[in-house]
Amino acid sequence: MYLLLDIFGYLSVVLRGLILIAQSFTLGGLAFWMLLWAPLRPQLTSGSLTIEQRCQAVLRISALAWALLTIASLALNVAALVGTLQVAWSEALGADFGRADLVIAACAFGIAVLAKNPAQGVRSIGLVALAVLVLAMQTRLTHAASRPDVRWPLLLSDAGHMLGASVWIGGLPYFLIALSGCKDAGDWRRIARRYSLMSMAAVAAILAGGLTMAVTYIGSIEAIYGTAYGVMTLAKVGLVLMLLALGAGNYFLVERLRRDPSTPILRLKRFAEVEIGIGLTVLLAAASLTSLPPGVDLAQDRLNWHEIVERATPQWPPRLTSPDYDKLTVAQLQAKITLADAGRANAQAAYVPGEGTILPRNAEDIAWSEYNHHWAGIFVVLIGLLALIEHFRWGRWAKHWPLLFLGMAAFLFFRADEQAWPLGPAGFFESLRDPEVAQHRIFVLLIAVFGIFEWRVRLRGGKAGPAALVFPLTTALGGALLLTHSHAIANIKDQLLIEMSHTPLALCGVTAGWARWLELRMDGRVRQAAAWIWPIAFVLVGLILLEYREA
């Protein structure tokens with residue numbers, strides 16, 4: 001049970017994010033079918049059958065995944081409730097969240113069944129009814145349902161916010177399927193124009209609902225920068241602004257396509273691909289928000305502006321010398337225990353992953369962590385600078401910069417978790433019971449993977465093929481995962497200050513990943529601009545790491 005509680009917070013955020021993604025793709029698919037495809041299908045010239053089959057497949061898979069993920073989330077929550085409060089399983093399942101999750105799972109499964117042929121009238125009515133019911137149940141799992149004051153404006157805002165995100169972000173895969181399946185310029189124009197109108201209405205719903213919830217849940221300017229909820233809201237706003245910039249670019253292209261049917265639609269497709277990626281990151285950020293208490297409810301223990309400025313003020317030089325390992329808390333505790341248990345066959349360990357014990361931190365522990373971050377920053381700054389140098393004719397030698405990722409991965413593997421193997425007392429597999437250690441290991445693996453793949457891409461040039469996409473996808477995924485790697489669920493001041501440095505790292509990672517994607521997938525001025533944007537984003541990541549402090 002200690003292990004379950006230790007990983008509960010992180011697993012619940014990840015599951016909630018996956019549920020929001022499956023929900024968006026399901027409801028977005030229904031909206032796309034009923035608002036765009038069904039009205040336009042008689043006017044399209046070719047390819048409609050193939051498009052319908054692909055859209056139905058994505059819709060049914062999304063709905064089924066939604067049902068299964070909801071059941072998994074329900075099982076996790078019930079297990080945590082039973083283990084902590086010692087209540088019966090039936091009683092836990094009978095709680096409000098349990099009943100809501102059971103209804104949601106049933107509705108999602110019903111959508112998966114009926115979506116096999118949504119064109120029929122009775123089935124369409126049934127799908128709409130299930131979608132309305134499931135959206136109503138989802139609002140019962142949000143902050144709005146737990147407010148002690150008037151709740152219906154917040155419930156409506158939450159429903160409109162989720163529906164808008166589903167129509168816009170969840171409809172994008174179906175939009176891409178339709179664009180790729182149609183070959184006629186007139187078909188492209190009709191589909192793009194209708195989806196553009198749907199997206200604008202969805203954005204209006206997102207902004208209206210989001211503004212209402214932000215004003216209510218944050219409550220003051222101080223809570224924006226002084227609470228974890230406010231910081232994560234700012235991150236979500238930053239991601240939405242990226243989406244709006246891409247959406248605006250596509251809107252102008254759609255208007256050109258309406259006036260000139262010969263306008264190429266490559267940029268429309270590529271921007272839509274990036275919109276999907278950033279949109280999924282937005283949904284993960286939204287899942288993180290659901291795990292945090294609203295800022296308005298945290299009148300105490302907030303960060304003030306002076307504390308933030310003090311921590312953010314650059315200090316030079318960075319910490320490039322490491323304290324000795326035997327001065328760290330875990331080493332000292334283990335030495336004392338070993339001395340006290342001398343002669344015993346089974347000496348107690350100072351750190352046991354999965355027990356939920358938080359070791360105290362001394363000055364050497366803080367210095368150790370800052371040293372790790374600062375050297376990681378040097379690696380990343382060098383990577384970004386070499387990637388920029390490679391653009392110049394005299395800098396072709398810099399194409400081997402991906403090898404620096406392997407050096408950084410090895411450095412972090414040995415030093416990121418001092419309590420775990422190879423330095424600490426906990427074995428490699430045993431240490432994975434600690435969710436923070438597990439996340440660090442995943443990040444190290446991602447760093448090594450995209451270092452190897454990107455080096456091969458640089459060596460092979462234009463013959464790299466799909467392997468070239470590994471680097472942008474893993475970079476964007478790393479940024480998205482960093483948004484779920486919350487140190488501030490309890491809103492402790494020191495942990496929130498750390499969170500405030502991780503959030504811009506995540507945003508820069510997402511920017512770098514999808515800019516590199518556009519460089520690979522686009523041509524012309526967009527490609528040239530993207531080729532400069534992502535290395536600059538890497539340099540910014542490195543500079544943030546170089547200024548990282550924990551005291």
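Let us start with residue classes: Ala, Val, Leu, Ile, Met, Phe, Trp, Tyr, Cys and Pro count as nonpolar, Asp, Glu, Lys and Arg as charged, and the others, Gly among them, as polar. The structure above is a predicted model, in which local features need pLDDT of at least 70 and side-chain atom pairs count only at pLDDT 80 or more, while totals for chains, interfaces and linings use all residues. Residues are numbered from 1 along each chain as its sequence is written, and side-chain values use heavy atoms, with hydrogens and water left out.

With those classes in hand, take a look at the second largest pocket. By class, its lining has 24 nonpolar, 10 polar and three charged residues. A pocket here is an open set of points on a 1 Å grid over the protein atoms alone, where a 1.4 Å probe fits, with protein on both sides within 12 Å along at least five of seven lines; lining residues have an atom within 4 Å of a point. The second largest pocket has a volume of about 850 Å³, a volume being the space filled by probe spheres set on the points, which are joined across faces, edges and corners. Of its 37 lining residues, the closest to the centre are His161, Gly210, Met213, Lys236 and Leu289.

Which helices build this lining? At least two residues each come from α1 (2–40), α6 (152–170), α8 (185–218), α10 (228–259) and α11 (266–290); helices are DSSP runs (H or I, at least four residues), numbered from the N terminus. The largest share, nine residues, belongs to α8.

Now follow α11 to another partner, α7 (residues 172–181): the two pack at an angle of about 160°, with their axes 10 Å apart. Axes are lines fitted to C-alpha atoms over the stretch in contact, and angles run from 0 to 180 degrees between N-to-C directions. Angles over 145 degrees count as roughly antiparallel, so α7 and α11 are roughly antiparallel to each other. Their contact (heavy atoms within 4.5 Å) includes Phe175 and Leu176 of α7 and Ala272 and Ile276 of α11. By class, this contact has eight nonpolar, one polar and three charged residues.

A second pair is α4 (residues 96–114) and α5 (residues 121–139), whose axes come within 9 Å and cross at roughly 155°. These helices are therefore also roughly antiparallel to each other. Among the residues in contact are Val103 and Cys107 of α4 and Leu130 and Val134 of α5. The contact of α4 with α5 has 13 nonpolar, three polar and one charged residues.

Finally, visit the loop between α15 (403–415) and α16 (428–431), where Pro422 lies. The peptide bond from Trp421 to Pro422 is cis, with omega near 15°.

How values were computed: Parallel < 35°, antiparallel > 145°, perpendicular 65-115°, else oblique.
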